[in-house]
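Let's get to know this structure together, one question at a time. Take a look at it first, and then follow along below.

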Amino acid sequence: MKIRLAADLQSDSIVDGEGIRTVIWTQGCPHHCPGCHNSETWDFNDGALLDTQYVKDKLSKLKIQDGLTFSGGDPMCQPEACADIAKYAKKLGMNIWCYTGYTYEQLMFLSRTNKHIMEFLSLVDVLVDGKFVLEEKSDAAIFRGSSNQRIIDVQKSLEENQVCLVEKYIVKEKNESFKFGHEQYLFV
Ligand code: SF4
């Protein structure tokens, strides 16, 4: 199975989800958000078309990663290949995050005609959804670019048939402090 990537795997990200993460940068995005930092990933014919086995082989050699993040580009434009990789990453014990310009509700709608979207979603732990909105750009927003985007607990949302946010990432105070479980981190 093939996947089109914008770049090789990044194995040391601490900003694309919790912990030390490997990031898969998918190529191709239909959303074209003004202010996007990754406009070179928009073209569906650019990047490199690789076998998903190439990605799996790379994942199998990783040692200290907490999880795998799908970003781009929009991974939801290649749901079958992403599901194939996510299935393998799960077997390695990795948790899965995914960034998408679609909203959760749009994905639910699209999944009616594309079964691979649900196949992929069923493997995702955390979904950061929605387009990047320049007017709502927020340096205080953790793990997302603009405050309209949501950090969604996918498995709980699928189970309850409604959007459930990851509670610990919800901003508690306006002074740019956030609570992660029992700890508090200040962003400066
Ligand atoms: S969804 Fe993401 S990659 Fe696509 S245009 Fe918007 S910010 Fe850029």
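Q: Which residues have the most contacts inside the largest nonpolar core?
A: In this predicted model, the largest nonpolar core holds 38 residues. Nonpolar side chains tend to be buried together in soluble globular proteins. The residues with the most contacts inside this core are I24, A86, I96, F120, V124 and L127.

Q: Which helix gives the most to this core?
A: The protein chain has five helices, along with 10 strands. One of them, spanning residues 79-91, supplies six residues to the core. The helix that gives the most is helix 2.

Q: Which residues does I96 touch, leaving aside those up to four places away in sequence?
A: I96 is among the residues with the most contacts inside the core, and strand 6 covers residues 95-99. Leaving sequence neighbours up to four places away aside, the partners of I96 are G67, L68, A86, A89, K90, L123, V124 and D125.

Q: Is strand 5 largely enclosed or left open by the rest of the structure?
A: Strand 5 runs over residues 67-71. Five of its five residues are buried, so strand 5 is largely enclosed.

Q: Which strands pair with strand 5, and in what sense?
A: Strand 3 (residues 21-25) is joined to strand 5 by five bridges, and R21 has G67 as its bridge partner there. Strand 6 is paired with strand 5 over four bridges, with G67 standing opposite N95.

Q: Is D84 buried or exposed?
A: D84 lies in helix 2. Not counting residues up to four places away in sequence, D84 touches M1 and T52. A residue needs 20 or more C-beta neighbours within 10 Å to count as buried. D84 has 21 of them, so D84 is buried.

Q: How far apart in space are D84 and E119?
A: Along the sequence, 35 residues separate D84 and E119. In space, taken from C-alpha to C-alpha, the distance is 9.2 Å.

Q: Is L92 buried, partly exposed or exposed?
A: L92 sits in the loop between helix 2 and strand 6. L92 touches L59 and S60, setting aside residues up to four places away in sequence. With 13 other C-beta atoms within 10 Å, L92 is partly exposed.

Q: Which residues come nearest to the ligand?
A: There are 13 residues around the ligand. This shell divides into four nonpolar, seven polar and two charged residues. Those that come nearest are C29, C33, C36, G101 and F132.

Q: What radius of gyration does the protein chain have, and what would a compact globule have?
A: The C-alpha atoms fill a box of roughly 45 × 35 × 35 Å along the principal axes. With 188 residues, a compact globule would have a radius of gyration near 16 Å. The value for the protein chain agrees with this, at 16 Å.

Q: What percentage of contacts between residues at least 6 apart in sequence join residues at least 24 apart?
A: For background, 38% of the 188 residues in the protein chain count as buried. Among contacts in the protein chain between residues at least 6 apart in sequence, the share joining residues at least 24 apart is 65%.

Notes
Residues are numbered from 1 along each chain as its sequence is written. This is a predicted model: local features need pLDDT of at least 70, side-chain atom pairs count only at pLDDT 80 or more; totals for chains, interfaces and linings use all residues. A residue is near a molecule or strand if its C-beta atom, placed from the backbone, lies within 6 Å of it. Ala, Val, Leu, Ile, Met, Phe, Trp, Tyr, Cys and Pro count as nonpolar, Asp, Glu, Lys and Arg as charged, and the others, Gly among them, as polar. Helices (H or I, at least four residues) and strands (E, at least two) are DSSP runs, numbered from the N terminus. The radius of gyration is taken over C-alpha atoms; the globule rule is 2.2 Å times the number of residues to the power 0.38. A residue is buried if 20 or more other C-beta atoms lie within 10 Å of its own, exposed if 12 or fewer, and partly exposed in between; C-beta atoms are placed from the backbone. Two residues are in contact if their C-beta atoms, placed from the backbone, lie within 7 Å. A nonpolar core is a set of buried Ala, Val, Leu, Ile, Met, Phe, Trp, Tyr and Cys residues joined through C-beta atoms within 7 Å. Two strands pair if DSSP finds at least two bridges between them.
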